[in-house]
Structures are given as C-alpha cells and as structure tokens.
Amino acid sequence: MKNKILLYTAVFFVISILFSQITQIFTDVKISSLKPVQGKIENFTLVGVNSDKYILTGKSMIELQNKILIDDFNLKYTKNNEIIFIISDKATYHKKKNFLDLFQNVKITTGEMKLYTDKLRILVNERRAYNTTKVKLISDNMETFGENIFINLKQEDMKLENVKTIYRGS
C-alpha cells in the first residue's frame with residue numbers, strides 16, 4: 001500500500017512538472033508572437049520648439065503601422081512671430097511619405113485671413129498644400145470662393161481655380 005501511494009505521488013509530481021513546463025512553453029510562444037498593432041493616446045498635447053514653435057492638441061491619436069490618425073486636430077504654429085491656426089475634425093499623417101491629410105471642417109487662420117474647406121493635403125517636406133474641393137477664403141473686406149487650391153508655403157504663393165470674389169467696401 002505504501003509503495004502504491006509513493007508511486008502515485010511520484011507520477012502526480014512528474015505530471016505536474018510536465019504540465020508546468022508545457023504551460024511555460026505555450027505562454028512563451030504566445031508572448032513572443034504578440035506584436036503591437038496600434039497604440040492610442042487620448043486628449044493629448046504635443047509641443048515642439050526649434051526655429052518654429054508648434055502646439056498640437058487633439059481628442060485622440062491612433063498609430064496604425066505607417067499612419068497616425070488624429071481626431072479633433074488643432075495646431076497652433078508660430079514662425080517669425082506669425083501665428084497660424086490649423087483645425088480639422090480628422091487628420092491622417094502618413095509617416096513614410098511624410099504628408100498630412102486634413103478632412104472634415106478644415107479651417108486655417110492666419111492674421112486677417114481664414115480658409116475653409118473639406119479636405120487639404122499638406123506635403124510636409126516640400127512645404128506645399130493642395131486640394132481638389134471647394135474653398136472659401138475670408139478676410140476683413142472680402143470673401144473669395146473657388147476650388148482646387150494650391151499653396152506653396154516656401155514662396156508664400158497661392159493659386160485657386162474658378163474664383164468668385166465678393167468685395168465689401170468700408
């Protein structure tokens with residue numbers, strides 16, 4: 001009887017060790033095969049300072065492989081003491097190609113001018129922006145409507161097609 005108890009105890013002990021080792025192997029395999037797919041940051045503020053200064057805030061930022069999706073994009077950009085505000089409901093930054101797509105209620109404010117559109121693509125390295133949708137520009141004395149805007153930020157040049165301007169005299 002004693003031998004049977006010792007034999008069962010030894011078998012149980014060996015099975016416990018084997019089970020523990022097998023569990024450890026499967027756990028290691030599962031953990032090592034996990035790769036982060038996305039990270040999400042909520043209610044964020046990013047601040048950057050070099051020759052320019054920017055403050056970017058948003059409701060959420062999700063990183064998906066080569067893209068960063070931003071909800072409630074709100075950028076305050078300062079260069080040469082000029083402040084530019086860029087706001088949109090949604091934005092997508094494409095990391096590899098280095099461009100930013102703004103869409104849904106895009107608004108850019110600089111000094112006296114305000115630009116409204118549904119979509120705008122900003123080529124970051126080339127410092128150009130463009131779209132193929134309708135655009136509304138408002139300043140103190142006039143409203144300009146058009147489409148297919150092209151902005152060269154280096155030369156501070158802007159082109160707009162099918163333009164209609166309403167001038168309000170003072």
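The largest pocket in this predicted model comes out at about 1400 Å³. A pocket here is an open set of points on a 1 Å grid over the protein atoms alone, with protein on both sides within 12 Å along at least five of seven lines, and its volume is the space filled by probe spheres set on the points, which are joined across faces, edges and corners. Of the 36 lining residues, Tyr77, Ile86, Ile122, Arg127 and Leu153 sit closest to the centre; lining means having an atom within 4 Å of a point. Strands E2, E3, E4 (82-94), E5 (99-110), E6 (113-123), E9 (142-152) and E10 (157-167) each give two or more residues, and E3 has the largest share, with six. By class, the lining holds 24 nonpolar residues (Ala, Val, Leu, Ile, Met, Phe, Trp, Tyr, Cys and Pro), seven charged ones (Asp, Glu, Lys and Arg) and five polar ones (the others, Gly among them).

As for the fold, one helix and ten strands turn up, taken as DSSP runs of H or I (at least four residues) and E (at least two), numbered from the N terminus. E2 (residues 53-64) and E3 (residues 67-79) run antiparallel, joined by ten bridges; pairing takes at least two DSSP bridges. Leu64 partners Lys67, and Gln65, in the two-residue turn of this hairpin, has a positive phi of about 50 degrees.

Residues are numbered from 1 along each chain as its sequence is written. Local features need pLDDT of at least 70 and side-chain atom pairs pLDDT 80 or more, while totals for chains, interfaces and linings use all residues, and side-chain values use heavy atoms, leaving out hydrogens and water.

Technical notes:
On a 1 Å grid over the protein atoms alone, a cavity is a set of points where a 1.4 Å probe fits but cannot get out, and a pocket is an open set with protein on both sides within 12 Å along at least five of seven lines; lining residues have an atom within 4 Å of a point.
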